[in-house]
Amino acid sequence: MIFIMADDLGWADVGYHESDIRTPHLDRLAAEGVQLNRHYVYPTCSPTRVALLSGRFPSRFGVLSPLGSTTQMRGEDALLPLRLRQLGYSTHISGKWHIGETPEHRPLGYGFDTSYGYLRGQIDPYTHRYKLGNHVTFHRNDVFVEERGHVTDLITDEAVRVIESAGERPFFLYVAHHSPHFPLNESPKWIDPYNDAIDGIWRRHFAAAVTHLDDGVGQIVAALERAGLRDNTLIVFSSDNGGQRNWTAPESQYNGRYRPHETLGNNRPLRGWKGDLYEGGIRVPAFVNWPGHVPAGRVFDQPTHVVDFLPTLLQAAGGDPADVPVAEGIDLWSAVGEESAELPERVLYWKTPSGSAVREGDWKLIRHDRDQQTELFDVAGDPLEEHDLAGEQPQRVETLVGLLHQMAENDQ
């Protein structure tokens with residue numbers, strides 16, 4: 001199993017969503033697998049990563065926004081790698097961790113057999129330093145190291161190394177890419193193909209970063225093919241949140257080395273950006289690919305959520321999702337492969353420092369803490385969230401606000 005996560009990749013930043021960015025390897029995997037057309041994550045990075053590994057809403061651990069050096073999520077809460085290890089899998093991470101940096105909050109204490117990449121978010125692609133000063137955060141097996149090269153290449157190279165050294169034991173590989181998160185620093189090799197196609201310099205750099213990541217995905221697939229493992233490998237791809245609109249490049253960050261990035265991601269036609277509870281912040285490109293096991297070319301239109309991957313991957317590995325009663329997702333495995341399958345009704349829940357949201361059926365309610373404003377959208381009939389129906393449907397608002405309070409009862 002390989003789970004590939006992009007960082008700040010927007011809805012319209014992949015080729016198969018009619019983007020101006022070229023992603024041939026992702027496009028092929030999506031075309032040969034099942035696209036999760038209404039896949040939800042969280043508005044920022046750490047909450048999504050906590051949800052993936054724990055199978056629980058991240059607010060259960062008090063994680064509402066990007067983390068610093070510590071977290072309330074404990075090692076025993078990382079049920080995805082821990083349960084897969086119990087099922088005989090070796091477990092590996094290459095890339096961004098962002099669930100804590102102190103020794104007790106590093107990947108080897110959270111169910112991973114090997115770890116490589118960086119512990120904090122927002123590093124410089126070449127110096128690998130965290131945004132504030134010369135903070136070292138790159139590591140191998142939880143021990144800080146100095147590396148040379150672009151972070152996208154380093155993450156890809158480590159993923160290929162894991163595949164080539166896998167042997168007979170099944171493995172779970174979590175490839176958490178830096179791209180296309182700011183700051184952007186790509187070589188002409190990746191930028192030049194966009195010189196005539198994209199006007200804005202920073203959108204060109206962003207496109208270059210995405211295509212660079214896509215090339216890494218191609219290298220991972222090629223490594224699987226060389227090892228004779230392609231037909232026996234489930235690949236999942238997702239972004240961690242919606243695209244970011246721009247970045248102001250404060251002088252205090254990266255020693256003032258970067259200029260403002262005026263144009264970054266593209267979530268069109270969805271409303272909102274990274275950090276928002278609108279669809280543009282939480283609905284992202286995602287797909288599942290496994291030759292011979294999931295149907296090629298299917299677009300799955302029912303709502304899925306990052307917490308669903310714990311039960312889904314356990315089921316695919318031969319485990320029993322019922323053995324993880326604290327999991328808050330559902331097993332998608334049979335539904336994504338059957339044309340007529342329906343997912344059970346459930347409530348999806350988000351909480352951030354500035355608000356919260358629930359979705360039940362086709363209805364989504366957003367509560368903004370700052371002004372106590374409540375918005376209601378029929379996200380099936382109005383996926384662009386253009387029509388706030390809160391004033392027209394007070395009874396539904398009351399019901400969903402009640403669900404919101406109910407969901408929050410188990411938060412820290």
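1. In this predicted model, strand S6, which spans residues 138-140, pairs with S7 in the antiparallel sense, and the pairing extends over 2 bridges. Within this pair, Arg-140 stands opposite Val-143 of S7.

2. Both strands belong to an open sheet of 10 strands with mixed pairing, whose order reads S7-S6-S5-S4-S8-S1-S9-S11-S2-S12. The edges of the sheet are formed by strand S7 (143-144) and strand S12 (298-300), each of which pairs on one side only.

3. Turning to the charged side chains, the count of salt bridges comes to 25. One of them joins Arg-49 and Asp-7, with the closest N and O atoms 3.7 Å apart. Because Arg-49 lies in helix H2 (residues 45-54) while Asp-7 sits in the loop between S1 and helix H1 (24-31), the pair ties together parts that are 42 residues apart in sequence. Arg-49 and Asp-7 are both buried.

4. A second salt bridge is made by the side chains of Arg-38 and Asp-301, at 2.9 Å from N to O. Here the link is between distant parts of the chain, 263 residues apart, since Arg-38 is in the loop between strand S2 (34-36) and strand S3 (39-40), whereas Asp-301 is in the loop between S12 and strand S13 (304-305). Arg-38 is buried, its relative accessible area being 17% and so under the 20% limit, while Asp-301, with a relative accessible area of 40%, is partly exposed.

5. The side chains of Arg-226 and Glu-164 meet at 3.0 Å, N to O.

6. Finally, salt bridges that share partners join Asp-7, Arg-49, Lys-96 and Asp-240 into one network. The pair of Arg-49 and Asp-7 described above, with both residues buried, is therefore to be read together with Lys-96 and Asp-240, given that a salt bridge here requires a side-chain nitrogen of Lys or Arg within 4 Å of a carboxyl oxygen of Asp or Glu.

How values were computed
Residues are numbered from 1 along each chain as its sequence is written. This is a predicted model: local features need pLDDT of at least 70, side-chain atom pairs count only at pLDDT 80 or more; totals for chains, interfaces and linings use all residues. Side-chain values use heavy atoms; hydrogens and water are left out. Two strands pair if DSSP finds at least two bridges between them. Helices (H or I, at least four residues) and strands (E, at least two) are DSSP runs, numbered from the N terminus. Buried means under 20% relative accessible area, exposed over 50%, partly exposed in between (1.4 Å probe, protein chains only).
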